[in-house]
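User: I am new to this structure and would like to learn how to read its features one at a time. Could you take me through them, with the general idea before each case?

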Amino acid sequence: MVINPVKGTHDIIGEEANTYSAIEYNCRIVAELFGYQEIRTPIIEHTPLFLRSVGESSDIVTKEMYTFDDKGGRSITLRPELTAGVMRSIVSNKLYANTDLPLKYFYIGPCFRYERPQAGRYRQFHQFGIEAIGSTSYLQDVEVIALGKRVLDSLGLNKVKVLINSLGDDASRENYRAALKEYFAKHIDQMCEDCKRRLEINPLRILDCKVPEDRPIIEGAPKMKDYLSDEARGRFENIIDALKKIDIEVEIDDTLVRGLDYYTGVVFEYHMSEGDDVGAIGGGGHYNNLLKEVGGPDLEGVGLSFGLERLFYVFSKESNEQIYVNGPDFYLMGMDQFAIEQNFTLANILRGTGYAIDMNYETKSFKSLFKIADRKHSKFAVIVGEDEIKNAQLTVKNLKTQEQTTVKVDDMLMVFQSMLKEYVEELEKGETFNG
Ligand code: HAM
């Protein structure tokens, strides 16, 4: 019986995995440029963590979590996102007590949401994200938004727009919530079942409803900007001005509320401005109460996450950057069993010295071996034929320039080193995306 992959999951293989690694490498470098350190938290957490953080009115908690009882009868959930786990880890390890604030962490890892699979939407997907906790400055918000933009720039993705909104402070949001409740109460009979439920738990969630028949009612709803306190409005304006000063253009979108309940203050999303719409490539925002909610001190934070599958998708479609595929340094080609056995000994010596080596075990013609070496993105092909064995030498061909040289076996280690150095220098002259 054939066992298929679980619906909504996907395998990432070979060159595709190479591109994922390159994207992750870029994210990591940008995070480090901004002073973020890596954090790795478990994939499984106690279910109440997500109920308290992501929120009981969010779609994630109401419909999308992979939750099960473990053998000890504890309710466990596969993380649907990483922010909550990072907050839990800060509390569990009292990280706030012995490190300078703000705490700045980045993460890369899988998440799980039971969503309807479609382009760019999976049940197991991967996020890169950052969290900065313990600064009250609006510049911390700006830093996070700028970091996200830098990630996209570094991948050569320039057809991107940044949508931004403010959900205000606690007082502004309470007033807004009351106004929404009053407005939607008049229309709720004509709205979907989810919205009826959202009206009771969190009317802000209704703004996120995707049901087309509900949209005209939602368009007519009161706007958050009319309920912002002077302080919240001032902070939002400061953020937008500071972004302008560093040449980041943003589009204010007063319907942007995001799908998680923990946001207060600024929220934002990165979308492609042209081409296929795969939904937000990334998003984030400020959260005043999240750390406190999970049992920590009263420190506010701000963060963002990118979906790696969506970054991969737009990168593959839109970017002109070349992915440098790291194939073997030398592909050893032997045409007969004797040469193959010689090559096996040679491979052992060369690998021991740090060269990446691949070789053939089945006898094949040189023509097909060259094709294989190319497909493997090998830098050089090493030919071991009858003449070479007789004269204790190797023929080495640079597969980029097609130049061919003869090398004495005794000089091999030294000559290979200088050949590779030259090869890499040539490569670095061209624009490659990762080294
Ligand atoms: P989110 O908007 O739920 O935010 O997810 C962030 C990104 O993850 C999305 O923009 C999207 O690219 C990707 N994503 C979400 N669901 C899927 C899916 N089913 N398949 C593929 N990609 C998906 C958060 O998760 C927050 N933790 C962001 C944050 C960090 N806010 C503050 N700090």
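**Reading the backbone and the surface**

Analyst: Let us begin with burial: R258 has a relative accessible area of 11% and is therefore buried, since buried means under 20%. Please keep in mind that this is a predicted model.

User: Where is R258 placed in the chain, and what is its phi?

Analyst: The general idea is that most residues other than glycine have a negative phi. In this case R258, although not a glycine, has a positive phi of about 70°, and its place is the loop that runs between strand 8 (251-252) and strand 9 (266-272).

User: What is the phi of H377, and is H377 buried or partly exposed?

Analyst: H377 is not a glycine either, yet its phi is positive at about 60°. The residue sits in the loop between helix 14 (366-375) and strand 14 (380-384), and with a relative accessible area of 31% H377 counts as partly exposed.

User: Which residues are joined by a cis peptide bond?

Analyst: As a general rule, most peptide bonds are trans. Here L101 and P102 are joined by a cis peptide bond, with omega at about -5°, and P102 belongs to the loop between helix 5 (95-98) and strand 5 (103-112).

User: Is D410 buried or exposed, and where is it found?

Analyst: Exposed means over 50% relative accessible area, and D410, at 77%, is therefore exposed. D410 is found in the loop between strand 16 (404-408) and helix 16 (412-429), and its C-alpha is 8.1 Å from that of A392, a residue 18 positions away in sequence.

User: How many helices and strands does the chain have, and what does it span?

Analyst: The chain has 16 helices and 16 strands, and its C-alpha trace spans about 90 × 55 × 45 Å along the principal axes. Of its 435 residues, 50% count as buried, while the chain exposes about 21,800 Å², of which carbon and sulfur atoms supply 49%. Among the contacts with a separation of 6 or more, 69% come from residues 24 or more positions apart.

Notes: Residues numbered from 1 in each chain as written. Predicted model: local features only at pLDDT ≥ 70, side-chain atom pairs only at ≥ 80, totals over all residues. Heavy atoms only, no water. Helix = DSSP H or I, 4+ residues; strand = E, 2+ residues; numbered from the N terminus. Buried < 20%, exposed > 50% of the residue type's maximum accessible area, 1.4 Å probe, protein only. Contact = heavy atoms within 4.5 Å. Areas by Shrake-Rupley, 256 points an atom, 1.4 Å probe, with all protein chains shown as cover.
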